[in-house]
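Here are my notes on the structure, as numbered points. Please read them against the sequence and the model.

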Amino acid sequence: MILTLKNTFTEIGNATVFAKQFFKEVFVPPYETKEFLKQCYVIGYKSLPLVAITGFIMGLVLTLQSRPTLVKFGAESWLPGMVALSLIREIAPVITALICAGKISSGIGAELGSMKVTEQIDAMEVSAINPYNYLVVTRILACTLMVPILVFFADAIGIIGGYVGINIHGDVNFYRYLTQILQSLEFLDIIPATIKTFFFGFFIGMIGCYKGFNASNGTESVGKAANSAVVTASLTIFIIDMVAVQITDLFF
Amino acid sequence: MDKQSGYTWKLGMFVTIGLLLFVMAIYFIGKQKNLFGSTFNITSQFKTVSGLEVGNNVRFSGINIGTVEEIQLINDSSVVVRMVIKDEVRKFIKTDARASIGSDGLMGDKVLTISPGANSTKVVENNGAIASVNGIEMQDLMKSVKKSVDNAAVITDELAIFSHSMNTGNGALARLVRDDKMANSVSNTLSNLESGTKGFSENMEAAKSNFLLKGYFKKKEKEKEKKKEELKEQKEEQQEKAEKAKEEKAKEEKEKAEKAEKEKAKAEKEKAEKAKEEKEKLEKQKAEEAKKAEKGK
């Protein structure tokens, strides 16, 4: 019992040191621009179809599910505003982050884990390339910047999904739909949600890299690293979300 | 380098569109809140703002044209409200426009409404002030409601006394409503009255044929008939003149051969008219007789 507790704390401590190293190295040259752009492409562009489909379905389903309740109150005209609010404030960031945790975090964990197992990372160190700078910093930075953009896409596509959902039952002009959404939105809805997504991105990348970088020797540890990267990242996303919402609630 | 350019343009597109979405969202929401675009300020002084808050809409002719920017107490009986309004509607707001505070629906937010004035043609200036109309306060409303409720209490009290006396009292009206005997006697009285009037009219008919009174009634009838006949003769003359005029015109237009036919038609027309007149006379006479009978009663 005490041993597991101690192991958990050791793990958290190691992760913190790992994160600290990222902040130390990110501002220090050499900057691996080419690798960074490649990682951005892999993390951002390649995840777009997945995020787009999820976002569309979330918007559509949310509209269809909230409709009966609102119709009961005769508040059907609030549907666009309500769907857009819940999408932008909560659902799009969290769902996108979870999708990214599944796709990116596991990918990074498996990639770095297998590099570690096959001793490629050691080889880098020998050939005077800073593996942390080349592998970890680029990936974490790419994640931190790409996940918010993916969330913007998810927001927009989710709103289009909501439009389709509304037009299944009623008939609303697209311009009127957008006006209703914009009327119900404030900066307070968008800004905290956006700030939140940067943290999501950072932790997705950081946990994937940490798990991969610290994989123990042996082939099975690659699978373990990928698996625990997904689990830990997902859990972290929910914890960050809770904290972020609490802070937003406290200040505004 | 070729390998790199294969994905960089896709990445660039992805990032550009994503950031564009974000910027557009920020821009449109900002536009909604009047943060961007040219605006101007006006102020208005109120006794009370009845719960108006910063960020509430400002309406002009029912259109949202701006938001409430600041609410400030100056002293214990006046509040200054500063509002930000789109520059494009400035030309419609004159110096004698007035601001009032209303409610958007029964449960909705407070809304500041600017109503146009009647006379001024001068456009309101930036940071200018406009007059205010004090809205109906809940207190005032309750006062007037209380007044009418008090009145209603008096009325219902009296109504209660009235209905009580109707049910228990012995007045004529109460007995009429309650008492079966009374009702029966009233209906009997009415039927008696009916038969009485019938008898009376018969008496009158008898009186007409009585030799003592016959002369009087006959005189009257004769006088009336004379008058009618005079009136009718005058009318006939007029009609004949009009017809003659028409006929002359027709003659001029048409050939002589048709004359005979026309004359026949005239004769027929005249006959028909005379018949009508006679009928009318008879009807009038009847009506007069009926009147006389009633008068006699």
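1. Contacts first: two residues are in contact if their C-beta atoms, placed from the backbone, lie within 7 Å. By that criterion, 18 residues of chain A are in contact with 16 residues of chain B. On the side of chain A that touches chain B, the elements giving two or more residues are α2 (33–43), α6 (131–169), α7 (174–184) and α8 (187–213) of chain A. The largest share, five residues, comes from α2(A). That side divides into 13 nonpolar, two polar and three charged residues. Here Ala, Val, Leu, Ile, Met, Phe, Trp, Tyr, Cys and Pro count as nonpolar, Asp, Glu, Lys and Arg as charged, and the others, Gly among them, as polar.

2. Basis of the numbers. This is a predicted model, in which local features need pLDDT of at least 70 and side-chain atom pairs count only at pLDDT 80 or more, while totals for chains, interfaces and linings use all residues. Residues are numbered from 1 along each chain as its sequence is written, and chains are lettered from A and ligands numbered from 1 in the order in which they are written.

3. Chain A. Helices (H or I, at least four residues) and strands (E, at least two) are DSSP runs, numbered from the N terminus. Chain A has nine helices and zero strands. Buried residues make up 42% of its 252 residues; a residue is buried if 20 or more other C-beta atoms lie within 10 Å of its own, exposed if 12 or fewer, and partly exposed in between, with C-beta atoms placed from the backbone. Among contacts in chain A between residues at least 6 apart in sequence, 89% join residues at least 24 apart.

4. Cores. A nonpolar core is a set of buried Ala, Val, Leu, Ile, Met, Phe, Trp, Tyr and Cys residues joined through C-beta atoms within 7 Å. The largest has 73 residues, and those with the most contacts inside it are Leu87(A), Met146(A), Val147(A), Leu150(A) and Ile204(A). At least two of its residues come from each of α2, α3 (48–72), α4 (79–117), α6, α7, α8 and α9 (220–251) of chain A, and likewise from α1 (2–32) of chain B. The largest share, 21 residues, is that of α6(A). A second, separate core of 19 residues includes Ile65(B), Ile85(B), Ala97(B) and Val124(B).

5. Leu150(A). Which residues is Leu150(A) in contact with, leaving aside its neighbours within four places in sequence? They are Gly44(A), Ser47(A), Leu48(A), Val51(A), Thr96(A) and Cys100(A).

6. The sheet in chain B. Seven strands form a closed barrel in the order β1-β4-β3-β2-β6-β5-β7 (chain B), with mixed pairing; two strands pair if DSSP finds at least two bridges between them. Strand β1 (residues 39–46) of chain B runs parallel to strand β7 (residues 128–133) of chain B, with three bridges, and Ile42(B) stands opposite Gly128(B) in β7(B). Eight bridges join β1(B) to strand β4 (residues 78–86) of chain B, which run antiparallel; Thr39(B) has Lys86(B) as its bridge partner in β4(B). β3(B) and β4(B) form a hairpin with two residues between them, and Leu73(B) stands opposite Val79(B) in β4(B).

7. Helix α2 of chain B. The count of buried residues among the 31 residues of α2(B) is zero.
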